[in-house]
Amino acid sequence: MRLLQKIFSSAEFGPLILLIGEIVVFTTLSPAFLSAGNISNLLAFTPELGMITLGMTLLMIAGEFDLSVGSVFGFAPVLMWTCYNTHFTSLFVGFLIAMGVAALIGFANGWLVTRLKIPSFLVTLGMLLVVRGTALYLTSGFPQRTWSATSFLTNAIAGEFPVGELRIYTSLLWFVGLAILSGYVLTETKTGNWIQASGGNPEAARARGVRVNRTKIMLFVLTAIISAYAGITSSIRVFAANPNSGTSYELEVIAMVVIGGTALSGGRGSIIGTVIGVLILRVMRNGIVLIGVPGLAYNIFIGAIILGMMALHSWLERRHYAR
Amino acid sequence: MSEELVRMEHIKKFFGRVQALNDVTLSIRKNEIVGLLGDNGAGKSTLIKILSGALRATSGDIYIHGEKVDFRNPTDAIAHGIETIYQDSALVPQLSIARNLCLGREPIKGPRLLDRLDHSELSRVASKLLKQVGITKEIPATTPISALSGGERQAVAIARAMYFESELIVLDEPTNNLGVDETRGVLQFVRNARDSGHSCIFIAHNIYHVFQVVDRIVVLRRGKKVADDVDPKSTTIDAVERLITGMAL
């Protein structure tokens, strides 16, 4: 009885019901929804945004967020493929350079937020423009080709393999692995305790010796690295590194995280909730196209879901405190 | 008389041209509860903030066990065994009781690289400390702080000071906004802390609460110490009120 009560009152319960509801509705309205081809499609792009949400969840629980993830998603593959296509480096070294530059971007975000006490909204908004502008400048706005380099690295990042009738990308395995690792860090480790304390009450955490600034900087770096990796994954899958790719992903990623029950104010959230949030928005995007709703109406549904979920989380929270 | 634990000597504090503390000397012995009283603006909070590392004195020294110390921040004070519990308890509301108690000194099991929390040790420590502090109600260690009452939060904060082996616990208005039963509970938590070998400084506007729990009263008025070693058993509330306000006896 107590277990059931715990499940019903958990922040993930509402989103899970919504996800199940979406699947039931779309399956009823479109027989193609559960077809192997459609599931393969759904699972191809989901890991790329999904990976970014994992870093963003940890960062938001620590009380910050990052608007530059979409631009890093676009910039990192441009850098890697420019290095390779101009014969400046091998593909692997290009990959390391892109990841290293992403880490520096994350570090700069974290340093400006924690040391200069500038709100993360302003810092990462500025960084978004700097990084996107650099990607456009480097490429004159043209995509970089990526189809000429099939290697162990590209197969490891986004190789394709069949599972029965499904076509699965290795990126799905990386996403699942990263989700399990993030969940473990958040709930089972001292670092996870520090992340939650840094967002819940930073002054109290500092007084206990928690390295709040270091924790936040580490999470900014992690989020940037994951965004870069996701961008590189996408560039391999679609055979192009477009300097404009990832535009407005930051808002979609934050929406996924918030729908999953993570508090914008920090201190509270879960990886499982975020994974459900990712699936809710991806299934919605996929399903409304299948049932014939114009793609341009997508944002109406997303906005409604966000508002509905916020109302639900707020109600659950008030009920929790009223006890 | 027991050994001296903390001594603040000739403490002066200026905020611009305003003098908040004027040559205050305060000593706390082991295993005693000292009531620090004074009207608004008397300098109680400033003195406590200097002792907890939140403010630095303009001049004067702090000694712990006779050794001079310099607190640059609250972490320094905690490292020297001084824990200050403010009205908001400085707890993380979203974290559980056990995770709050051990925050910053979490028990780890297995290889260090895995950084894995020892949940059974966390629960064991939490239930032991909650019993020690005098919480008799069955509260699971996994309960988030946000679900606790004001009195229970104070108890968790005191228990945390015990876990960090603090020698001196400073309680700043711990009974503010609490009901009668909860206040009684907090006063008992303070007595239990003394019985487990801790010293306390108890600051409260309500003199009745102070009289119920302290061994000695110190009074500040307009930044100066006007009374020390006042024994609550051999004085009256009226007499202490006159000391606080400066009215003639």
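Modeller: Leaving aside residues up to four places away in sequence, B:Ile201 touches B:Ile28, B:Val34, B:Leu36, B:Ile48, B:Leu168 and B:Val170. Please keep in mind throughout that this is a predicted model.

Biologist: Which residues touch the most other members of the largest nonpolar core?

Modeller: The general idea is that nonpolar side chains tend to be buried together in soluble globular proteins. Here the largest nonpolar core holds 159 residues, and those that touch the most other members are A:Ile52, A:Val72, B:Ile158, B:Val190, B:Ile201 and B:Phe202. Helix α11 (residues 212-238) of chain A supplies the largest share of this core, namely 15 residues.

Biologist: What is the order of the strands in the open sheet of chain B?

Modeller: The open sheet has 6 strands in the order β6-β9-β10-β3-β11-β12 (chain B), and the pairing is mixed. Because β6 (82-85) and β12 (224-230) of chain B stand at the edges with a single partner strand each, one side of each is left without a neighbour in the sheet. Neighbouring strands are turned against each other by 15 degrees on average, with direction ignored.

Biologist: In what sense do β11(B) and β12(B) pair, and over how many bridges?

Modeller: Strand β11 (residues 216-221) of chain B pairs with β12(B) in the antiparallel sense, over 4 bridges. To locate this pairing on the screen, you can look for B:Arg221, which stands opposite B:Lys224 in β12(B).

Biologist: Turning to chain A, at what angle do α3(A) and α11(A) pack?

Modeller: Helix α3 (residues 36-61) of chain A and α11(A) pack at an angle of about 175 degrees, with their axes 8 Å apart. Angles over 145 degrees count as roughly antiparallel, which is why α3(A) is described as roughly antiparallel to α11(A). Among the residues that meet are A:Met51, A:Ile52 and A:Leu58 in α3(A), and A:Leu219, A:Phe220 and A:Ile226 in α11(A). By class, the residues of this contact divide into 13 nonpolar, 5 polar and 2 charged.

Biologist: And how far apart are the axes of α8(A) and α9(A)?

Modeller: Helix α8 (residues 170-188) of chain A and helix α9 (residues 190-200) of chain A have their axes 5 Å apart and pack at an angle of about 75 degrees, which makes α8(A) roughly perpendicular to α9(A). The contact joins A:Val185, A:Leu186, A:Thr187 and A:Glu188 in α8(A) to A:Thr191, A:Gly192 and A:Ile195 in α9(A). Its residues divide into 3 nonpolar, 3 polar and 1 charged.

Biologist: Is A:Ile271 buried or exposed?

Modeller: A:Ile271, whose place is in helix α13 (residues 271-290) of chain A, counts as buried because it has 25 C-beta neighbours inside 10 Å. Leaving out residues up to four places away in sequence, A:Ile271 touches A:Leu54, A:Thr57, A:Ala179, A:Ser182, A:Gly183 and A:Leu186.

Biologist: Where are A:His87 and B:Asp23 found?

Modeller: A:His87 is in the loop between α4 (69-85) and α5 (91-115) of chain A, whereas B:Asp23 lies in strand β2 (residues 18-29) of chain B.

Biologist: Finally, how many residues does each chain bring to the contact of chain B with chain A?

Modeller: The contact takes 19 residues from chain B and 20 residues from chain A. On the side of chain B that touches chain A, the elements giving two or more residues are α2 (74-79) and β8 (116-117) of chain B, and α2(B) gives the most, with 3 residues. By class, that side of chain B has 11 nonpolar, 4 polar and 4 charged residues.

How values were computed: Residues are numbered from 1 along each chain as its sequence is written. Chains are lettered from A and ligands numbered from 1 in the order in which they are written. This is a predicted model: local features need pLDDT of at least 70, side-chain atom pairs count only at pLDDT 80 or more; totals for chains, interfaces and linings use all residues. Axes are lines fitted to C-alpha atoms, for helices over the stretch in contact, and angles run from 0 to 180 degrees between N-to-C directions. Angles under 35 degrees count as roughly parallel, over 145 as roughly antiparallel, 65 to 115 as roughly perpendicular and the rest as oblique. Two residues are in contact if their C-beta atoms, placed from the backbone, lie within 7 Å. Ala, Val, Leu, Ile, Met, Phe, Trp, Tyr, Cys and Pro count as nonpolar, Asp, Glu, Lys and Arg as charged, and the others, Gly among them, as polar. A nonpolar core is a set of buried Ala, Val, Leu, Ile, Met, Phe, Trp, Tyr and Cys residues joined through C-beta atoms within 7 Å. A residue is buried if 20 or more other C-beta atoms lie within 10 Å of its own, exposed if 12 or fewer, and partly exposed in between; C-beta atoms are placed from the backbone. Two strands pair if DSSP finds at least two bridges between them.
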